[in-house]
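These are my notebook entries on a structure that I had not examined before. I record what I looked up, in the order in which I looked it up.

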Amino acid sequence: MSFWATVAGMLVVTFGSRYAGLALRAEPPPFWQRFLHFVPIAVFAALVTPSLAGPSGEGEMRLAAAALAAGAAWWTRQLWVALAVGMGVFWLLRIPL
Amino acid sequence: MAPLWLGVVPFGVAYAVLARDAGLSLLETQALSVLVFAGSAQLSAVGLFGAGAAGLEIVLTTLLLNVRHVLYGMALGRTVRLTSRQRPVAAYFLTDEAFGVAAASQRRTFAFLLGTELSLFATWNLATLGGGLLGAATPSPAELGLDFVFPLAFIALLVPLVRTRVELAVALASGVVAYVLARSLPGGLPILLTGVGGSLLGAWLTRTTPAPPAIDPASAIREVA
């Protein structure tokens, strides 16, 4: 599938989800409502762990920086703070001593 | 409400920098923000593009991430009166943040909803443009380790969502399973399988909960995507 065909597919499923909710009158069964509640949690967690260590053999530094970023996200609930803490710690740890 | 718009900016910049890092052109990076306009789905898509995932896997991951909008739409459709012409317009620009603002506001009109949606659309697209240009000006993203922004951004999206023991269990189980699956399965398959499996686990673990968790506007705002 080419890039633009993929984008067209993403457009269709995204608009479809948004439109379906506004147009539908019936609610999904409780089990599937709970399923939808857990989707971002499961998908976000699944996106984190395989990409955490990275290709460059700096896995331990990245793991330490990610743990501090998670703490920052927990305390501040701000995306930019978590990014700043994570990248800042990572860059500090990489400085050769 | 200003923090809401400010919160979109670093997310949009991070998305665009990662998109350029994954090999997307400036036009392709911007096109996703105009045509798809869904932060977490765009971010996961560029990660999957970079990993060489199949187009179908990317589309299915997008569906999985965005199907929660069905719930927002239903909640909005009950409170804001929309004509059949207004509905597709309101739907195209609907995001978590717009839902959160509209659901928390007393002004439940199409004009107020669309104004909120369009201001977020404009902010997201300007942040994308800024990040795309920044990505082009960065000499060696690989040397700087900019790919690390990808897991960091999803950590920042994930952490505020985890408030109960079951949510923590689902997050930990999904993280471990995806890590193991990614060692043997290619592209986007580990994300898709884990996303469906983890959500089924969560729905099953909460089966004794009498009522499904109500859609809380404040939590929708926190979900930031």
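**Entry 1: the two chains together**

How many residues of chain A are in contact with chain B, and how many residues of chain B take part? I found that 59 residues of chain A are in contact with 81 residues of chain B.

Residues are numbered from 1 along each chain as its sequence is written, and chains are lettered from A and ligands numbered from 1 in the order in which they are written.

I then asked which elements give two or more residues to the side of chain A that touches chain B. They are helix 1 (3-23), helix 2 (30-52), helix 3 (59-76) and helix 4 (79-94) of chain A. Helices here are DSSP runs (H or I, at least four residues), numbered from the N terminus. Helix 2 of chain A gives the most to this side, with 22 residues.

By class, I read 41 nonpolar, 13 polar and 5 charged residues on the side of chain A that touches chain B. Ala, Val, Leu, Ile, Met, Phe, Trp, Tyr, Cys and Pro count as nonpolar, Asp, Glu, Lys and Arg as charged, and the others, Gly among them, as polar.

**Entry 2: confidence**

I looked up the scores of the model, which are ipTM 0.92 and pTM 0.86. For chain B, the mean pLDDT (the predictor's confidence in each residue, from 0 to 100) is 88, and 92% of its residues reach 70 or more.

Where in chain B is confidence lowest, and where is it highest? The lowest mean, 48, belongs to helix 13 (residues 217-222) of chain B, and the highest, 97, to helix 2 (residues 26-35) of chain B. Over residues 221-225 of chain B the pLDDT is below 50, and this stretch has 19 contacts in the model beyond near neighbours in sequence. Where pLDDT is low, the predicted coordinates should not be read in detail.

**Entry 3: the nonpolar core**

Which residues touch the most other members of the largest nonpolar core? Of its 94 residues, I found these to be A:Ala69, B:Ala153, B:Ile155 and B:Ala156. A nonpolar core is a set of buried Ala, Val, Leu, Ile, Met, Phe, Trp, Tyr and Cys residues joined through C-beta atoms within 7 Å. A residue is buried if 20 or more other C-beta atoms lie within 10 Å of its own, exposed if 12 or fewer, and partly exposed in between.

Helix 2 of chain A gives the most to this core, with 13 residues. Domain 1 (1-52) and domain 2 (53-97) of chain A both give residues to the core, so it lies between them. The domain bounds come from an automatic or database domain assignment. I noted 28 Å between the C-alpha centres of these two domains of chain A.

I also listed the contacts of A:Ala69, leaving aside its neighbours within four places in sequence. They are A:Ala82, A:Val85 and A:Gly86, together with B:Leu152, B:Ile155 and B:Ala156 of the other chain.

**Entry 4: two helices**

In helix 1 of chain A, the buried residues include A:Met10, A:Phe15 and A:Arg18. The buried residues of this helix pack against helix 2, helix 3 (39-50), helix 4 (55-66), helix 5 (69-79) and helix 6 (86-92) of chain B.

Just after helix 3 of chain B, B:Gly52 takes a positive phi of about 75°.

**Entry 5: loops**

Most residues other than glycine have a negative phi. I therefore looked up A:Arg77, a residue other than glycine, whose phi is positive, near 55°, and which counts as partly exposed because it has 16 C-beta neighbours inside 10 Å. A:Arg77 is found in the loop between helix 3 and helix 4 of chain A.

B:Phe37, also not a glycine, has a positive phi near 50°. B:Phe37 sits in the loop between helix 2 and helix 3 of chain B and, with 23 C-beta neighbours inside 10 Å, counts as buried.

Conventions. Predicted model: local features only at pLDDT ≥ 70, side-chain atom pairs only at ≥ 80, totals over all residues. Contact = placed C-beta atoms within 7 Å.
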